[in-house]
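Please look over the structure shown here before reading on. The text after it goes through some of its parts in turn.

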Amino acid sequence: METYKNFQTNIDERGVFTATLNVPCRALNVFDDTVLMELKQIVKTIDSNDEIKFAIFRSGKPSGFLAGADIHRIYNIQDKAEAEAIIQLGQDLFQELATLKSPTLAVIHGVCLGGGLEFALACRYRVAITLSSTKIGLPEVKLGILPAWGGTQRLPKQIGASAALSMILEGKTVDAYRASQLRLVDAVLSESSLEADLIRFVDARLANEPLQIPERTWNSWFLDEMSLGRRLVFSTARKTVDREVDAYPALLAIIEAVELATYSTLVNQKGLAFERHQFADLLFTPTARNLIELFLNQERAKNQKTWINRDEEVAPRLPAKTLVVGAGTMGAGIAQALALSGFEVVLQDIEQSFVERGMSRIEDLISQATEKKVVTSEEAVAIRKRIKPRVGWENSDDIELMIEAVVERPTVKAKLFREADEKLPLHAILASNTSALPINEMAAVTGRPEKIAGLHFFNPVHKMPLVEVVKTEQTSASTIANLVSLVKKIGKTPVVVNQSPGFLVNRILFPYLDEAVRLLLEGFSVKSIDLDAKQFGMPMGPLELLDTIGIDVALDVSRTLSALGAESSPSPKEFQEMIDQGSLGKKSGHGFYEWEGNHRGKVAHSLAEQNAGAIDNWHINGEEFTEIQQRLFLAIINEAAKCLNEHVVRESWMIDLAMVLGTGFPPYRGGPMSCLNAWGTIEVTQRLNLLEQRCGRRFEVALHVAAHLAEEHGESKVKVHHDSIE
């Protein structure tokens, strides 16, 4: 057998050929140029060797089967001609694979995404292993592009157009059992008996035994097989994405590509050509460039080298045992996230009833994760065993990391850090989940300031992907390295920030929320403020967000951050009045809106509306922004520039990533600093000058550092090299 860099191959006495992919120096298998070339040679070998009766493709990595194409390679494609050539190469290769006379099988475990699933779809058979890590899907839409190695053509033929559209348009993944129900895989195998089950599956195929295929429902048959049903599927899909296609043009391209797949029973060249051309067009849209940069920067943020100076390189060490102090909503969420990722956790509070309430919250989270098949029942049992509740500080000698999540009061935090410094081992790191309070004041009451940092999770912990790692002037490189590694281990994205009031995300978000309150007080309606924010691309409006956060929490933050502004803020007074009336937002059922559980009702908070509006609409880059949008989002951009001026973070991409992950800032726009670069520093400065004249000194321009960066780095586009992430 030939020797390959990325594959190990062998053939047994039955004529069963196995190619095991294990790309060197990669945590996950990906398609790069060498993998494609070697796979092409393997396909030729299978085709020309009469001894091969059956071919198996599998992964040698515990992390999974195949994560798809190398995103760095995609990002660095120079023009449409190169894009089409690369897509043509993959399409031709998978077509050769699909037409081999020998049966082929993809053995899927862990991640099987994008080009990995397109590869598996080109095999005659697929099996999936029942692991909680097994995730199968075509997530290209999240990068602003479409699957183009045959994915939009083969997936509909395998599972039907209606199910395929749902998967591709949402970029969602399915587990092994759901893949079997969809008929995406031909069998589900257990990890414990994998090799024996695999032999039986292959022998059955060699003996021409029929597969046990789940029966189709009448609904899926109607939607996928009847012309009326298919018309309904595609007309509904077009209506569903109609409001989003300007921001995400890939959505309409995906619908048209899948529709082409339904015109024939075999994969046809017309459908493949459409995929190819659309990929080349979409790749160079602002949406795709921004989304791909965000993806690359998310990987960049998970690399310790991004945050540690070269002369401070240290080997990170994960804690064997962690302590979470404070069993409220945040503490319980943090403890559950740690235990889910394999950490031994102690959950501590000052009263037994508080601890019990926290454990009840954790149980709810574990149950939800089990129901959604994020974890198996066996894994859920193990997670529960990793969490030990307690009252008080006894038996703390083996704690290596404390994360406190107690009430946001400086005196309470200081008392806790004094106690922790006395009770915990000297090598233990002490971290605070505070959202705004100064970390150096907590460090000052301890004898280990180099081991004190912030570890700011966002609520709800199990959903929000960002964690701010906050360092003071005295926080050591090893402390930061350890915390960055911990955040990565629990599946979150770290952004390391220097201490500043509100740190990074909350500091930038506060002027946006404060401006919403100002707009309301000036006579703009709750609905118009929130609607304009959502039309800009935010997942919810600022006033609905305040209700969700809690008006009491917003008051605490506003008291800390309002002092930073050039003008006094009306927000603390307004929030206090709402609290005095019992209007705490969603948690009390009343805020800016009425609430029933998680359901938002009618507007509850309103003032006598005036003839508001003194700023003309702004036309820039083919878009038109209202006064509300200008005031809300230029407030964000201006504050983001201030954070660069003050070195809260070193580079603008860090701001963009944090704001997208931490606030839902529209990903297709790239982030606040990407908006600045897209709109142009001169144009933004002129508009801020107008807002300063009409609205006040809070809009005084703070963009000179951002402007310098934009010039120096070519609009601060990302330059990521292969060796910067692995």
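Predicted model: local features only at pLDDT ≥ 70, side-chain atom pairs only at ≥ 80, totals over all residues.

Residues are numbered from 1 along each chain as its sequence is written, and side-chain values use heavy atoms, with hydrogens and water left out.

Helix 20 has 13 residues and spans 18 Å from first C-alpha to last, close to the expected 18 Å; the expected span is 1.5 Å times one less than the number of residues. Of these 13 residues, 10 are buried, so helix 20 is largely enclosed by the rest of the structure. Buried means under 20% relative accessible area (1.4 Å probe, protein chains only). Among the buried residues are Ile 480, Leu 483 and Val 487. After helix 20 comes Gly 491, with a positive phi near 80°.

Next is an open sheet of eight strands with mixed pairing, in the order 13-12-11-14-15-16-17-18. Strand 13 (387–391) and strand 18 (493–498) are at the edges with a single partner strand each, so one side of each has no neighbour in the sheet. Two strands pair if DSSP finds at least two bridges between them. Strand 14 (residues 401–404) and strand 15 (residues 429–432) run parallel and are joined by four bridges. In one of these, Ile 403 has Ala 431 of strand 15 as its bridge partner.

On a 1 Å grid over the protein atoms alone, a cavity is a set of points where a 1.4 Å probe fits but cannot get out, and lining residues have an atom within 4 Å of a point. Grid points are joined across faces, edges and corners, and a volume is the space filled by probe spheres set on the points. The count is three cavities of 30 Å³ or more.

The largest cavity holds about 270 Å³. Its lining has 19 residues, with Phe 510, Pro 511, Gly 565, Glu 639 and Arg 698 nearest the centre. Helix 21 (505–522) and helix 26 (627–645) each supply at least two lining residues, and helix 21 gives the largest share, six residues.

The second largest cavity has a volume of about 40 Å³. Among the residues lining this second cavity are Phe 7, Leu 21, Arg 58 and Phe 119. Strand 3 gives the most to this lining, with three residues.

Note on methods. 1 Å grid on protein atoms, 1.4 Å probe; cavity = no way out; pocket = protein on both sides within 12 Å on 5 of 7 lines; lining within 4 Å. Buried < 20%, exposed > 50% of the residue type's maximum accessible area, 1.4 Å probe, protein only.
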